[in-house]
Amino acid sequence: MIKERVIIVGSGISGCTAALRLMQDYDVTIITKGYKEESNSMLAQGGVAAAVSKNDTPKKHFSDTFQAGCFHNKVLAVNQLVTHGPMVIQKLIAEGMAFDEQDGELALGLEGAHQLPRILHTGGDQTGKFLTTFLQEKLTNVHWQEQKMAIEIIKQNDSAIGVHCLDKENRLHTYYGEHIILASGGLGQLFPVTTNATTISGDGLALAYRAGAKLTDMEFIQFHPTLLFLNGRCHGLISEAVRGEGAKLIRADGSAIMTDVHPRADLAPRDIVAATLFAEIQDGNEVFLDITAIPNFEKRFPGITANLDAHHIPFRETKRIPVHPGAHFLMGGIRTDLSGKTNIPGLYAIGEVANAGVHGANRLASNSLLETLVFGEKVAEYIRTQKINPIDHPEIPLSNQTQTPHLPDKQLLQEKIWETLGITRKPEKITEFLHWLTDFDYANHTRETAEISHMLITAKLIAESALKRTESLGAHRILKGVIK
């Protein structure tokens, strides 16, 4: 009997979870822009938030998630996340996933805006790498298509039926399926300062938009407060778990930055910490993480330690790490229901590219990996309820396009996006930016033109959403009047 085909775009935790739950009964293909190790999931340091301890409950996790999201979250989506989260974690542990332990029990970390420790981690600060690798090693019955960049969702009779891709030599490859799952991550590479993998440039968002999918809350982009900053450049994330273990944000003179800003000080919600640090930097201050209060820093954070050593940061002597905010996570995205379904039949979205309403206006720390696991399971559960007979589709060519497009330089585009849609935003600058965008075309006949085109589309969606949201909320900070 011919198996139904599932095409998954993206090699991170959400896509791999869906693939793992479907691969025995479906013909599963995973398409990834780079190599399968290149994803934001692989870079995630902090861990997975879940109410698994004796004194924690899904209700408490629900409350923290809603408060961090400025009550813009959707109740049913958050409820699904926090109630199914512990079950998904226990399922993974039963399958052999090992999280760090202390005294025979799960070692749980504390991060910003959580009322108690609930962050499971593994490899100290390498949770994403360990968890993604664990899942990928279990994918024994899938077709991997690496170095294939998705450039168009193929539709027939208003349903999604496949994906056009380009390889490294810009040769066209086409994959057809009964179920098309976008698990392509966010949009960090739209910005010159980001924690995201180099492949994450809003491709899935732009593909869905061009296919007619609905996108929501695109103005809500989380900027992580602490990226390693050296000689004017950022070199990777310094996990919020470092502050959870006792690190403090300070100025060059040693004075504390967050003490009088928020009751939770250094563990305030990310939007508050990032905006505060951004203001300090604009005032000409250097910003550091003081790790004096973490005596076992190198053991607890081996991945961060290796990165600091690679960049010759003398943190052992100074107890200081130079930091800077940068683009981290998109709360908005392709609108889906609780099973990952979009408004287009046959098209699903899970993980950061999707917006089921879990995160609201600002994501709670370490809820992202939990979302990938829960919704990866949920989309697989739903697909299993559907029975679609595979059919052979006629070859559908790539849409007509401009062969000699007018496109901006990528670095210039990134700088414009940072100035306009960064941590603080001004309506007049956004209007000016939208006008600037009208000068450019769309093209996807090469990977380079497709990536820049996707960035342009995604930036336009963010800008339009930011203008419509006239008041600051969560990660969206709109400034009015004269600002120095």
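Predicted model: local features only at pLDDT ≥ 70, side-chain atom pairs only at ≥ 80, totals over all residues.
Residues are numbered from 1 along each chain as its sequence is written, and side-chain values use heavy atoms, with hydrogens and water left out.

Now find Phe-191. Which residues does Phe-191 touch, not counting those up to four places away in sequence? They are Ile-221, Phe-223, Ala-327, Gln-414, Ile-417, Trp-418, Leu-421 and Gly-422.

A nonpolar core is a set of buried Ala, Val, Leu, Ile, Met, Phe, Trp, Tyr and Cys residues joined through side-chain atoms within 4.5 Å. Buried means under 20% relative accessible area, exposed is over 50%, and partly exposed is in between, using a 1.4 Å probe and protein chains only. The largest nonpolar core here has 58 residues, and Phe-191 is listed with Leu-182, Leu-187 and Ile-334 as having the most contacts inside it. Helix α15, residues 447-468, gives the largest share of this core, nine residues. Helices (H or I, at least four residues) and strands (E, at least two) are DSSP runs, numbered from the N terminus. Another core, of 42 residues, lies apart from that one, and Val-6, Ala-77, Leu-92 and Val-379 are among its members. As background, nonpolar side chains in soluble globular proteins tend to be buried together.

Let's turn to some helices. The axes of α13 (residues 410-421) and α14 (residues 427-437) come within 9 Å and cross at roughly 155 degrees. Axes are lines fitted to C-alpha atoms, for helices over the stretch in contact, and angles run from 0 to 180 degrees between N-to-C directions. Angles under 35 degrees count as roughly parallel, over 145 as roughly antiparallel, 65 to 115 as roughly perpendicular, and the rest as oblique. So α13 is roughly antiparallel to α14. Residues making this contact include Leu-413, Ile-417 and Leu-421 of α13, and Ile-430, Phe-433 and Trp-436 of α14.

How do α13 and α15 cross? Their axes come within 11 Å, at roughly 10 degrees, so these two are roughly parallel to each other. Among the residues that meet are Gln-414 and Ile-417 in α13, and Met-455 and Ala-459 in α15.

Next, two histidines. His-164 sits in strand β10, residues 159-166, and counts as buried because its relative accessibility is 1%. His-164 and Leu-398 are 234 residues apart in sequence, yet 7.1 Å apart in space, C-alpha to C-alpha. Leaving aside neighbours within four places in sequence, the contacts of His-164 include Met-149, His-173 and Leu-398. His-324 is in strand β18, residues 320-330. Is His-324 buried or exposed? With a relative accessible area of 11%, His-324 is buried. Its contacts, again leaving aside neighbours within four places, include His-224, Cys-234 and Trp-418.

Helix α3, residues 58-68, has buried residues too: His-61, Asp-64, Thr-65, Phe-66 and Ala-68. They pack against β3, α4 and α12. Just after α3, Cys-70 takes a positive phi of about 60 degrees.

Finally, how many disulfides (pairs of cysteine sulfur atoms within 2.5 Å) are there? A search of the whole structure finds zero. For Cys-16, the nearest cysteine sulfur, that of Cys-165, is 16 Å away. Cys-16 is buried, at 0% relative accessibility.

Technical notes:
Contact = heavy atoms within 4.5 Å. Disulfide = S-S within 2.5 Å.
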